[in-house]
Structures are given as structure tokens and as C-alpha cells.
Amino acid sequence: MAKILVVYYSRTGNTRRLAEVFAEALREEGLEVDLKSISEVKPEDLEAYDGVAVGSPTYYGLMASEVKKLIDDSVKIHGKLDGKVGAAFTSAGGYSTGAETTILSIILSMLIHGMIVQGDPEDYHYGVAVKGRGGKSDIEATRRKAKRMADLVKKLTS
Ligand SMILES: Cc1cc2nc3c(=O)[nH]c(=O)nc-3n(C[C@H](O)[C@H](O)[C@H](O)COP(=O)(O)O)c2cc1C
């Protein structure tokens with residue numbers, strides 16, 4: 001069975017909530033999912049997964065330093081994530097206040113690792129970005145993103 005890691009950093013719980021929704025939706029798609037906070041994950045752990053979803057709060061328009069540290073430390077396993085599926089999500093304090101650049105900052109690192117990141121032609125094109133805890137439509141968008149990620153992982157691993 002394909003295996004996905006949902007890893008997040010969250011100081012006040014908003015990104016954690018998105019991570020929980022993301023993980024639950026992946027499980028509903030029949031995938032094996034580990035949900036972990038960033039402090040529980042070492043770069044070498046990432047090799048065990050077919051896909052990795054990374055959640056960070058938006059800090060000055062970029063990912064939090066805790067998330068960047070895991071990414072920088074992942075140079076140890078550079079080349080080992082090639083072809084795995086990636087996805088990113090963030091909670092920010094507002095709308096149009098740096099959330100999309102945060103998602104893109106995570107995605108850039110994933111692409112440098114050779115990971116595959118699917119956009120979305122409908123909405124939340126780069127990944128899920130929500131204000132605070134997010135509303136009902138944001139939660140639906142998170143579930144949709146997780147389902148699309150699950151579909152892609154299944155296609156690539158079947
Ligand atoms: C150091 C710091 C920097 C922040 N920078 C931004 C920012 O650039 N844009 C924004 O919209 N919100 C910013 N925020 C607000 C957080 O992104 C927001 O409160 C988010 O929901 C926190 O997520 P969490 O509950 O998972 O920690 C910042 C918060 C902190 C503590």
C-alpha cells in the first residue's frame with residue numbers, strides 16, 4: 001500500500017488542523033498515512049514514503065524556519081526523493097499576505113528534490129492556503145487537495 005507522510009509545523013494550531021484534515025482525507029482514499037509534527041521527523045525518514053505533504057504557517061511570506069531546517073537538512077538524502085509526490089499547505093494571518101509565496105517556497109524545494117507536484121486548474125492552484133483556522137470551503141479544498149494527491153500517488157505506484 002502506498003504510504004504518505006503529512007508533516008507540519010504549527011505554533012497556534014491552525015496548520016495542525018489542516019494537517020489533520022489532510023491526513024484523514026488521504027486515509028479515506030485507502031492510503032497508509034503518518035501524521036507527524038516537524039520535530040518528530042528526520043530527513044532520512046522521508047525516504048520511506050511515496051509522497052510527502054508539508055504544512056507550515058506563513059511567516060513573513062515564507063515557510064517557518066523549523067520547516068526550512070528540515071528541508072536544508074534533507075541535503076543528506078538529496079536524490080532519494082526523486083519521483084515522489086509532494087504537496088504543500090499553509091495557514092496565514094490574512095488573505096494575499098504571503099500565503100502563496102509560502103506554498104511556492106516549499107514547492108521549490110520539492111522540485112529541487114525531483115519531486116512531482118500537481119497544480120489544480122480549478123482553485124487553490126498551488127496548494128491550500130487559508131486564513132487562520134480556515135472556513136468550511138477551505139476544509140473542503142484541503143480534502144480535495146488530499147484526494148488529488150492520493151490519486152496521483154496511486155497512479156504512480158500501481
Ligand atoms: C513570526 C510570524 C510571522 C508571521 N508572518 C505572517 C505573514 O507574513 N503573513 C501572514 O499572513 N501571517 C503571518 N503570520 C501569522 C501566521 O501565519 C498565522 O497566525 C497562522 O495562522 C499561524 O499558524 P499556526 O496556528 O499553525 O501556528 C506570522 C506569524 C508569526 C508568529
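Helices (H or I, at least four residues) and strands (E, at least two) are DSSP runs, numbered from the N terminus. The model shown is predicted: local features need pLDDT of at least 70, side-chain atom pairs count only at pLDDT 80 or more, and totals for chains, interfaces and linings use all residues. Residue numbers start from 1 along each chain as its sequence is written.

**View 1. Packing of helix α1 against helix α4.** Two packed helices are described by the angle between their axes and the distance between the axes. Helix α1 (residues 14–28) packs against helix α4 (residues 136–157) at an angle of about 45°, and their axes are 8 Å apart. Because of this angle, α1 is oblique to α4. Axes are lines fitted to C-alpha atoms, for helices over the stretch in contact, and angles run from 0 to 180 degrees between N-to-C directions; angles under 35 degrees count as roughly parallel, over 145 as roughly antiparallel, 65 to 115 as roughly perpendicular and the rest as oblique. From α1, Leu-18, Val-21, Phe-22, Ala-25 and Leu-26 meet Ile-139, Thr-142, Arg-143, Ala-146, Lys-147, Met-149 and Ala-150 of α4 (two residues are in contact if their C-beta atoms, placed from the backbone, lie within 7 Å). The residues of this contact between α1 and α4 comprise 9 nonpolar, 1 polar and 2 charged; Ala, Val, Leu, Ile, Met, Phe, Trp, Tyr, Cys and Pro count as nonpolar, Asp, Glu, Lys and Arg as charged, and the others, Gly among them, as polar.

**View 2. Leu-18 in helix α1.** Leu-18 belongs to helix α1 and counts as buried, with 30 C-beta neighbours inside 10 Å. A residue is buried if 20 or more other C-beta atoms lie within 10 Å of its own, exposed if 12 or fewer, and partly exposed in between, with C-beta atoms placed from the backbone. Apart from neighbours within four places in sequence, Leu-18 is in contact with Gly-55, Phe-89, Ser-91, Val-128, Val-130, Gly-134 and Thr-142. Leu-18 and Thr-90 are 72 residues apart along the chain, and their C-alpha atoms are separated by 8.1 Å.

**View 3. Val-85 in strand β4.** Val-85 lies in strand β4 and is buried, with 27 other C-beta atoms within 10 Å. When residues up to four places away in sequence are not counted, Val-85 touches Asp-50, Gly-51, Met-115, Ile-116, Met-149, Leu-152, Val-153 and Leu-156. A separation of 9.2 Å is found between the C-alpha atoms of Val-85 and Gly-114, which are 29 residues apart along the chain.

**View 4. The shell around the ligand.** The ligand is surrounded by 18 residues, of which the closest are Asn-14, Thr-15, Pro-57, Gly-93 and Thr-97 (a residue is near a molecule or strand if its C-beta atom, placed from the backbone, lies within 6 Å of it). At least two residues of this shell come from each of α1 and β4 (85–92). By class, the shell has 4 nonpolar, 13 polar and 1 charged residues.

View 5. Tyr-60 is exposed, with 9 other C-beta atoms within 10 Å. Ser-96, in the loop between β4 and α3 (99–112), has a positive phi near 55° and is likewise a residue other than glycine. Ser-96 is exposed, with 9 other C-beta atoms within 10 Å. Val-75 is placed in the loop between α2 and β4 and counts as exposed, with 11 C-beta neighbours inside 10 Å.
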